[in-house]
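Subject: Structure handover

Hello,

Please find the structure below. Some notes on what was found in it follow.

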Amino acid sequence: MPPDMSELPPAMPPRHFTLIVLLCGFLALALDVVALVSPAWVTSKHFSLSLWEICNKQMDAWHCRSVLTSDWQMATLVLVFCATLICGVWFIVCVLWICQMKQPLRFCSMSLLLLASVLLQISALILFSLKFRAAKFLLPDSQFSWGYGLAWGSCIFMLGGVVISCLRTDVTKD
């Protein structure tokens, strides 16, 4: 007589899926941290804008001032910071849970944290791009720079982690 399926412990995802999800989370976290401290989200020949400051080049010298007085820039910073924090908490909880090995990690339920991080990050990036285009300091040769690109890269890795963690890996062929 076959065993009752309700009494079996939940199947743990194969090790390679676990490692891929953790790698996606780690890369997303690393890219997010670098994007958060990046000095260049938007650049031009005589201009640079980050989440923290705006710099203008005048007479061969750069003059910088804080952007933390602008509401949309502060909102972008808070959203990216919260996304980074949630991704970091997700990663630490997953690593600690796997190292403890007391019970299988439910990646699908844990991916809700990562999904929240993705949504915050996308909101921040869209807010930044829309408000920057409407800002008074937009120069004709301004372009989004590597810091902004790293934030989108982080978003992609987080979303990849969410998708991979929700794959059904306990289904076998008969």
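Which residue does a disulfide join to Cys 55? The partner is Cys 64, with an S to S distance of 2.0 Å; a disulfide here is a pair of cysteine sulfur atoms within 2.5 Å. The structure holds one disulfide. Its S-S torsion is about 110°, so the bond between Cys 55 and Cys 64 is right-handed.

Before the rest, a word on the basis. This is a predicted model, in which local features need pLDDT of at least 70 and side-chain atom pairs count only at pLDDT 80 or more, while totals for chains, interfaces and linings use all residues. Residues are numbered from 1 along each chain as its sequence is written, and side-chain values use heavy atoms, with hydrogens and water left out.

On accessibility, buried means under 20% relative accessible area, exposed over 50%, and partly exposed in between (1.4 Å probe, protein chains only). Cys 55 is buried at 8%, whereas Cys 64 is partly exposed at 42%. Cys 24 is buried at 11%, and Cys 166 is partly exposed at 36%.

A nonpolar core is a set of buried Ala, Val, Leu, Ile, Met, Phe, Trp, Tyr and Cys residues joined through side-chain atoms within 4.5 Å. The largest has 19 residues, and Trp 41, Leu 49, Leu 51 and Phe 128 have the most contacts inside it. Leu 51 touches residues including Trp 41, Val 80 and Phe 128, leaving aside those up to four places away in sequence (contact: heavy atoms within 4.5 Å). A second, separate core of 15 residues includes Val 21, Leu 22, Leu 29 and Leu 114.

Regards
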